[in-house]
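Please read this note with the model open beside it.

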Amino acid sequence: MYLLGNVTGETSRDKVTVEKIAEGLREPMGIKYVDGSLYVSQKHELTQLVDKDADFVIDEYRTVATWPYGGNFHEFAFGLLYRDGYFYVNLSVAIDYGGATTTPQPAQGRGTTYKVSKKTGRIKAVAGGLRTPNGIGWGPEGSLFTTDNQGGWLPASKLVQIKQDRFFNHYTQPSGAFDDRTPTRPVLWLPQNEIANSPSTPLYLDKGRFAGQMLFGDVTYGGLQRAYLEKVKGQYQGAVFRYTQGLEAGVNRITMGPDGSIYTGGLGADGNWGQEGKLKFGLQKLTPNGGNTFDIKEMRAVPGGFDLEYTQPLSEATAEELASHYRAEQWRYTPPPTTEARRSARSGWRCARRRSPATAAPCGSASTGSSPTGSSMCVRPAPSPPLPASRCGARKPGTPSTPCPGSSRRRQPCTRRRRRASPAPRVSTPTTPVIREAASWTATTRRTGQARPST
């Protein structure tokens, strides 16, 4: 563990100081500063790091709590949150090399979100049925959210809301504590390789243009994505937008600094964890530059379609042509996932002329938390020559349209490289629109100290 100084405000690589304060930890994936002490989640336990003489070097490693651990390489303890005397942590399941869930599990009770008493160390299972929940964070109304990674039982990654006794559809042997419960639908499906691959920490934005929305990183797909959420009949649903790319490494952790900058921790490893062509490490900060990028701000479900709100008003000419630049596609995640409908937005879409053009999607939408058939919705640009998946998604009005590649392909369970997804017969799906997004930020890299606009 390292202590970094001179990272907030105007800074550069040459000004940052680095001091090692702890060592010998077992792949720590979460850290929290509570009541004057540092706490870290290791693979096998929650540990308090004690600095007895205030010299910024850890003198004692005190075990606060232990949890189920069988020694498998994939048994991580992801993230660490704290509130009102309790820590929260996610435990991933054991898997075999290649990605299949290990059967039987070497330790029972994995794939679970745990609540840990700071005072007693007692652990309590909150929710289960998770696979690789590499991200845990507070969301709207102070609720708990987690991202889970695609693989066995998961045809695509997803964002879920954690509540007591919920089950999220990943089964294990021996059975987990919540395996007998009806699976809870995701808040967002994150279509594989189109908007996510290995999503990580969700971060709630409480100020700025996108206040009330969430960001999350991705280790393999890279960059940051943005999630707009709305509550319908007590359940969250929403849309996900591309936010920024161009970072030094795949993003494993993000946090908001006291200076209003977003700090991103990069990670890469052999196999299928790491963004192709990027570093296996990295620390960067993203600082708002005051700009107002023109893009879709919100996407709300309404009877018969969606309302899109942009960050700037639309011109008359743009509003008139807007529908011709988009199309909608709908599918279900059932074995095998199949396309329900694919139509041009020209038919049945209507557009207002102000900041919030209303669009009536021909594929239908969910105003009750899910579509009638449990479908996902992807709003895409109109057809033109295919581009790489990293550029697919909706375009700004008035710019050349670019479709997602293979738009007419059979939709099969998407997998990472060298990963095989098990059938997911019990997955049901809320509507999850996917839109491209750009951001107005300046990125500063720890490795080079250079500043540049992100896209």
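**Notes on the model**

1. Start with a charged pair. Glu 27 is partly exposed at 41% relative accessibility (buried means under 20% relative accessible area, exposed over 50%, partly exposed in between, with a 1.4 Å probe and protein chains only). Glu 27 forms a salt bridge with Lys 43, and the closest N and O atoms are 2.9 Å apart. A salt bridge here is a side-chain nitrogen of Lys or Arg within 4 Å of a carboxyl oxygen of Asp or Glu. This pair links distant parts of the chain, 16 residues apart. Lys 43 sits in the loop between β4 (37-41) and β5 (45-50), Glu 27 in the loop between β2 (17-20) and β3 (30-34). Lys 43 is buried, with a relative accessible area of 3%.

2. On provenance: this is a predicted model, where local features need pLDDT of at least 70 and side-chain atom pairs count only at pLDDT 80 or more, while totals for chains, interfaces and linings use all residues. Residues are numbered from 1 along each chain as its sequence is written, and side-chain values use heavy atoms, with hydrogens and water left out.

3. How many salt bridges does the rule give? The count comes to 9. One of them joins Glu 141 and Lys 231, at 2.8 Å from N to O. Glu 141 lies in the loop between β11 (136-138) and β12, and Lys 231 in strand β17 (residues 224-232), so the pair ties together parts 90 residues apart in sequence. Glu 141 is exposed, with a relative accessible area of 63%. Lys 231 is partly exposed, at 44% relative accessibility.

4. Another salt bridge joins the side chains of Glu 309 and Arg 300 (3.3 Å, N to O). Glu 309 is buried, with a relative accessible area of 15%, and Arg 300 is partly exposed at 21% relative accessibility.

5. Now the strands. Strands (E, at least two residues) and helices (H or I, at least four residues) are DSSP runs, numbered from the N terminus. Two strands pair if DSSP finds at least two bridges between them. An open sheet of 4 strands runs in the order β7-β8-β9-β10, paired antiparallel. Its edges are β7 (77-83) and β10 (123-128); each has a single partner strand, so one side of each lacks a neighbour in the sheet. Neighbouring strands of this sheet are turned by 25° against each other on average, direction ignored (axes are lines fitted to C-alpha atoms). Within the sheet, 6 bridges join β8 (residues 86-91) to β9 (residues 112-117). Tyr 88 has Lys 115 in β9 as its bridge partner.

6. Is strand β15 (residues 199-204) enclosed or open? Of its 6 residues, 5 are buried, so β15 is largely enclosed by the rest of the structure. It is joined by 4 bridges to the antiparallel strand β16 (residues 214-218). Tyr 204 stands opposite Met 214 in β16.

7. Check the largest nonpolar core, which has 16 residues (a set of buried Ala, Val, Leu, Ile, Met, Phe, Trp, Tyr and Cys residues joined through side-chain atoms within 4.5 Å). Phe 241, Ile 296, Met 299, Tyr 310 and Tyr 326 have the most contacts inside it. At least two core residues come from each of β18 (235-244), β22 (296-302), β23 (305-310), β24 (326-332) and β27 (376-381).

8. Last, a loop glycine. Gly 151 lies between β12 (144-148) and β13 (157-162). Gly 151 is buried, at 0% relative accessibility. Thr 101 is 50 residues from Gly 151 in sequence, yet their C-alpha atoms are 8.4 Å apart.

Key:
Axes are lines fitted to C-alpha atoms, for helices over the stretch in contact, and angles run from 0 to 180 degrees between N-to-C directions.
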